Amino acid sequence: MIKDDCIFCKIANGVIPSAPVYEDDSFKVILDLAPANKGHALILPKQHFDNCFSMDDETASKVFPLAKKVATAIKEEFNCDGVNILQNNGEAAGQTVFHFHTHIIPRYKDDTATITWKQLTTEPAEQEKLAASLNERISK
Ligand code: AMP
Ligand code: ZN
């Protein structure tokens with residue numbers, strides 16, 4: 001499905017121009033318009049999915065192999081010290097464009113990009129309970 005009022009549907013399907021890095025039957029990879037670092041790329045599926053929750057397993061299974069290829073190309077091209085592969089789902093998680101996309105961000109030891117969180121403390125018994133509860137959901 002392609003959503004008429006979705007900017008990433010338009011970019012992924014060539015209706016709006018972008019800086020294309022790669023394209024196949026399922027995805028278009030473009031450069032981010034407002035990058036965290038030079039070379040920051042976005043993997044866009046050509047079909048519209050709001051987020052990972054509405055994405056079919058077949059498309060989802062193709063995302064990481066492509067992310068790995070793009071990350072490898074970025075590492076070679078920029079000789080960066082590291083690469084973030086990240087993907088936001090929902091406004092609370094930092095998603096601002098509600099068409100699934102994966103960020104590939106070149107990183108340097110002294111760069112100004114910030115992808116961090118304050119680390120909470122944990123308690124072993126609670127961790128064990130949480131892990132078991134999640135395991136039950138994943139396994140059913
Ligand atoms: P997120 O916060 O995960 O939803 O990321 C949205 C990303 O899309 C941001 O990094 C924006 O800079 C980028 N972005 C928004 N509009 C465009 C556009 N027209 N072309 C390229 N990148 C865009
Ligand atoms: Zn879309």
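Which backbone atom lies 3.0 Å from an oxygen atom of ligand 1? A backbone N or O atom of Val97 does. The legends below describe this and other sites. The model is predicted: local features need pLDDT of at least 70, side-chain atom pairs count only at pLDDT 80 or more, and totals for chains, interfaces and linings use all residues. Residues are numbered from 1 along each chain as its sequence is written, chains are lettered from A and ligands numbered from 1 in the order in which they are written, and side-chain values use heavy atoms, with hydrogens and water left out.

**View 1**

**View 1. Polar contacts of ligand 1.**
A polar contact is a pair of N or O atoms within 3.5 Å; within protein, one must be able to donate a hydrogen and the other to accept it, and residues adjacent in sequence count only if both atoms are side-chain atoms. A backbone N or O atom of Leu33 lies 3.1 Å from a nitrogen atom of ligand 1. His101 uses its side chain, with a polar atom 2.9 Å from an oxygen atom of ligand 1. The protein buries 81% of the 500 Å² that ligand 1 exposes when taken alone; such areas come from the Shrake-Rupley method with a 1.4 Å probe, and for residues only the protein chains shown count as cover.

**View 2. The site of the zinc ion (ligand 2).**
Cys6 (SG), Cys9 (SG), His48 (ND1) and His99 (ND1) are the protein donors, 2.0 to 2.3 Å from the zinc ion. Donors are N, O and S atoms within 2.8 Å of the metal (3.2 Å for Na, K and Ca); water is not among the atoms, so sites may look incomplete. The site is tetrahedral, with angles of 105 to 116° among its four donor atoms; four donors count as tetrahedral if all angles lie between 85 and 135 degrees. The ideal angle for four tetrahedral donors is 109.5 degrees. In sequence the donor residues follow the spacing C-x2-C-x38-H-x50-H. Cys9 lies in helix 1 (residues 7-12) and His99 in the loop between strand 4 (82-86) and strand 5 (102-107), so the pair ties together parts 90 residues apart in sequence. Helices (H or I, at least four residues) and strands (E, at least two) are DSSP runs, numbered from the N terminus. Cys9 is buried, at 1% relative accessible area, and His99 is buried at 0%. Buried means under 20%, exposed over 50%, and partly exposed in between (1.4 Å probe, protein chains only).

**View 3. Salt bridges.**
The structure holds four salt bridges, each a side-chain nitrogen of Lys or Arg within 4 Å of a carboxyl oxygen of Asp or Glu. Glu58 and Lys62 form one of them, at 3.5 Å, N to O. Both residues lie in helix 2, four residues apart, about one turn of the helix. Glu58 is exposed at 56%, while Lys62 is partly exposed at 34%. Asp111 and Arg107 meet at 2.8 Å, N to O, and both are buried.

**View 4. Ala41 and Leu31.**
Ala41 is in strand 3 and is buried, at 2% relative accessibility. Ala41 and Leu31 are ten residues apart in sequence and 4.3 Å apart in space, C-alpha to C-alpha.

Methods. Four donors count as tetrahedral if all angles lie between 85 and 135 degrees; four count as square planar and six as octahedral if opposite donors are over 155 degrees apart and all others between 65 and 115; anything else is irregular.
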